[in-house]
Amino acid sequence: MISRARGASLPETGPGPDDVQVDNVIFSDLHPRVGNRRLEIISGLQKEQKSIDPKYFYDKRGSELFEQITELPEYYPTRTERQILKSNAKAMADCCGHECVLIEPGSGSSEKVRLLLDSLKPAAYVPMDISADFLRRSAVQLAEEKPWLNIHAICTDFAKQKKEPKGLPEGKRVIFYPGSTLGNMRPSEAIGFLENLGHWLNRDGGVLIGIDMHKSSRILETAYNDEQGVTALFNLNILNNINNIAGLNFNADNFAHHAFYNEEKYRIEMHLVSKVNQVVSQGDIEITISRGESIHTENSYKYTTGSFQEIARSSGFSIRSSWSDEQQLFSVHYLELDCGSEKQA
Ligand code: AVJ
């Protein structure tokens, strides 16, 4: 038991012995299975177009480098979204409704939600993340800052969570999904993901989501090829992480960062291009990579208002309200379920 935070404590809810309760924080660890990551990594590297899932960017070093990226002059998404949230918090709160249960998949440091909480005053905040320690620390820190806020932190792999965990307080569900993380998914996957969100919501539920907009290749390619080379370090660091996870022997010095805007597919593509002919191995598995061949590490899809409307409509949602900055660099949308696609009782 961590005896630190003051303020109202939540009723004794929540399932098992792993619950740690501090006054206004309940912590549930659903022990998300990470699946066979080694197999997943090897099979990506054995494909025609070698690829690595962008989730492997985020080891400790990778998360630190991403925090640095969000502060770069060239990388406009994070600060632009923050400004949109800050300037429109009241209007967003009116959409979400007070006393809602605010669920945030992949909450990380819960930095952005802080811009909304005082206006929104939710009945409870439910941060969800796959990293138990990071989630626990972020939840307790937020609890100290907001003693009035009921926090129910859940360690789980959201993408694999088909329905909401037991023990969440009553109330309208609103899912908060900032940061254009949806952009890592192909449009068909994004529709599947949003549909799954829909299953969590009652008829009156909603989704508050951040989306990066389509724009000139010049602005986009500058944002993913910053002068200081932090994005390049972030991209190359994925090789160190998969070496640790899968026992491979990549040498990051043999690769170069390459990021460009694929205008046809409306996506930034990040690749690691091999500078030499090389063989990377793990036990008796050998992966041959020729000079100039690339490993695809990330897609970051950019949407127009129309193309995102299409994604929302195809997922059973309609866009109730949208907010963006003057230059239309980034946008935040409040989605509501089209009748008939809410949670099945
Ligand atoms: C966290 C996925 C939204 O795609 O812009 C930043 C990750 N990659 N710089 C993005 C990222 C390169 C970021 N997302």
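**Note on the cores and Val 174**

1. The largest nonpolar core holds 35 residues. Leu 45, Ile 52, Leu 239, Ile 242, Leu 248, Phe 250 and Phe 255 have the most contacts inside this core. Bear in mind that the model is predicted.

2. Helix α9 gives the largest share, seven residues.

3. Leu 239 is worth a look. Setting aside residues up to four places away in sequence, Leu 239 touches Ile 52, Phe 250, Ala 252, Phe 255 and Leu 272.

4. A separate core of 33 residues lies apart from the largest one. Ala 89, Cys 95, Tyr 125 and Tyr 334 are among its residues.

5. Is Val 174 buried or exposed? Val 174 is buried, because its relative accessible area is 0%, and the cut-off for buried is under 20%. Val 174 sits in strand β6 (residues 173–177). Beyond its neighbours within four places in sequence, Val 174 contacts Cys 96, Cys 100, Val 101, Leu 102, Ile 103, Gly 206 and Tyr 334.

6. Val 174 and Ser 274 are 100 residues apart in sequence. Their C-alpha atoms are 44 Å apart in space.

7. Helix α3 (residues 77–87) has these buried residues: Pro 77, Thr 78, Thr 80, Glu 81, Arg 82, Ile 84 and Leu 85. Their cover includes helices α4 (89–96) and α5 (114–120). Strands β6, β7 (206–212), β13 (317–324) and β14 (330–337) are also among what covers them.

Note on methods: Residues are numbered from 1 along each chain as its sequence is written. This is a predicted model: local features need pLDDT of at least 70, side-chain atom pairs count only at pLDDT 80 or more; totals for chains, interfaces and linings use all residues. Side-chain values use heavy atoms; hydrogens and water are left out. Helices (H or I, at least four residues) and strands (E, at least two) are DSSP runs, numbered from the N terminus. Buried means under 20% relative accessible area, exposed over 50%, partly exposed in between (1.4 Å probe, protein chains only). Contact means heavy atoms within 4.5 Å. A nonpolar core is a set of buried Ala, Val, Leu, Ile, Met, Phe, Trp, Tyr and Cys residues joined through side-chain atoms within 4.5 Å.
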